[in-house]
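Subject: Structure for your review

Dear colleague,

Please find below the structure that I am handing over to you. My notes on what was found in it follow directly after it.

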Amino acid sequence: MYPQHIAIIMDGNGRWAKIRNQNRTEGHKEGAKVVRGITEWCLKQKIPYLTLYAFSTENWKRSQMEVDFLMKLLKKYLQSEKRIYLENNIRFRAIGDLGAFDKDLQDAILQLEQLTQNHSALTQILALNYGSQDELSRTFLRILNAMPDSALSSLKTYSPQEMKKMIESHLDTHSIPDVDMLIRTGGEKRISNFMLWQASYAELFFTSTLWPDFTIQEIDEMLQDFLSRQRKFGGV
Ligand code: IPE
Ligand code: IPE
Ligand code: MG
């Protein structure tokens with residue numbers, strides 16, 4: 001079946017810059033430019049969901065200078081891409097704990113989400129201050145907080161299937177289908193706290209290409225590879 005959801009761990013910006021004797025921030029700038037082409041490719045391929053891991057809950061460990069730069073870059077990105085979302089019927093969504101960002105950035109994200117909420121050609125999801133463990137923790141808290149105290153004990157009678165539905169409907173990714181293709185650029189073969197629940201049955205693609213060098217041609221080849229794989233979901 002054709003992929004409904006592609007998720008990408010955009011890694012390797014810092015190394016891209018280092019090879020060129022440039023500051024890590026130059027790699028981030030170059031990496032941000034790659035996003036539009038990949039998004040347009042998804043539109044053309046009629047892939048309805050694209051999630052991009054842009055900032056993890058662990059990325060705050062980086063230097064203040066780098067974190068500040070990434071926040072500024074994100075603001076600029078939201079401004080410059082607005083036109084693309086509007087012209088191409090693209091819905092924008094963010095996942096992650098946005099409460100950690102400054103008010104301006106939070107407002108810009110919410111405004112863009114609202115402005116594009118009825119767009120239907122493609123949903124582009126940015127994972128911002130996102131970590132799977134944090135998402136699951138917030139999900140469980142959301143479930144508990146959505147219920148009056150008197151109803152809480154009813155949770156204990158849920159079947160595992162009912163609980164699974166309950167969890168899925170409270171994840172940041174609620175109403176978004178599970179990940180079919182999980183791509184990581186930059187050569188590392190790890191998941192780094194990304195979509196642990198949603199990528200349970202994703203087909204995995206690791207490439208040593210650094211994110212700023214990632215091309216349409218390479219993702220096209222990955223798609224062909226995906227289409228040739230036999231997915232079994234535990235069956236035979
Ligand atoms: C990924 O590239 C972008 C973010 C995490 C924001 P990196 O910045 O991790 O690049 P490398 O892994 O250091 O090369
Ligand atoms: C994962 O990349 C996070 C993003 C791409 C936003 P990292 O570079 O932060 O991951 P690690 O530290 O190599 O696991
Ligand atoms: Mg990295």
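Leaving aside its neighbours within four places in sequence, S56 is in contact with N129 and Y130. This serine lies in strand 2. S56 is buried, with a relative accessible area of 7%, which is under the 20% limit. Please bear in mind that this is a predicted model.

E135 is buried, its relative accessible area being 1%. Apart from neighbours within four places in sequence, E135 is in contact with Y130, L171, D172, T173 and Q198. Of these partners, Y130 is also in contact with S56. As for T173, it is 38 residues away from E135 in sequence, and the two C-alpha atoms are 9.3 Å apart in space.

Helix 2 has 22 residues. From its first C-alpha to its last it reaches 32 Å, close to the 32 Å expected at 1.5 Å a residue. Which of its residues are buried? They are T25, G27, H28, G31, V34, V35, I38, T39, W41, C42 and Q45. These residues cover an arc of only 155 degrees around the axis, and therefore they sit on the same side of helix 2. K33 and K44, on the other side of helix 2, are exposed. Just after helix 2, K46 takes a positive phi of about 60 degrees.

Helix 8 comprises the 13 residues 216-228. Its end C-alpha atoms are 18 Å apart, which agrees with the 18 Å that it should span at 1.5 Å a residue. In helix 8 the buried residues are E218, I219, M222, L223 and F226. Seen down the axis of helix 8, they fall within an arc of 145 degrees, so they line one face of the helix. Q217 and S228, on the other side of helix 8, are exposed. What covers the buried residues of helix 8 includes helix 2, together with strand 1 (5-9), strand 5 (181-184) and strand 6 (203-206).

I turn next to the empty space in the model. Rolling a probe the size of a water molecule over the atoms shows where such space is left.

The largest pocket has a volume of about 770 Å³. Of the 31 residues that line this pocket, M10, Y53, A54, F55 and N59 are the closest to its centre. At least two residues of the lining come from each of helix 1 (13-19), helix 2 (24-45), strand 2 (49-56), helix 3 (64-87) and strand 4 (122-130). By type, the lining of the largest pocket divides into 16 nonpolar, 8 polar and 7 charged residues.

How many cavities of 30 Å³ or more does the structure hold? There is 1, and the largest cavity has a volume of about 30 Å³. The residues R36, T39, Y77, E81, I84, Y85, I90 and Q124 line it. Helix 2 and helix 3 each supply at least two residues of this lining, and helix 3 gives the most, with 4 residues. The lining of the largest cavity divides into 4 nonpolar, 2 polar and 2 charged residues. One of its residues, T39, is also among the buried residues of helix 2.

With kind regards

Notes. Residues numbered from 1 in each chain as written. Chains lettered and ligands numbered in written order. Predicted model: local features only at pLDDT ≥ 70, side-chain atom pairs only at ≥ 80, totals over all residues. Heavy atoms only, no water. 1 Å grid on protein atoms, 1.4 Å probe; cavity = no way out; pocket = protein on both sides within 12 Å on 5 of 7 lines; lining within 4 Å. Points joined across faces, edges and corners; volume = space filled by probe spheres on them. Nonpolar A, V, L, I, M, F, W, Y, C, P; charged D, E, K, R; others polar. Expected span 1.5 Å × (residues − 1). Buried < 20%, exposed > 50% of the residue type's maximum accessible area, 1.4 Å probe, protein only. Arc of directions from axis to C-beta. Contact = heavy atoms within 4.5 Å.
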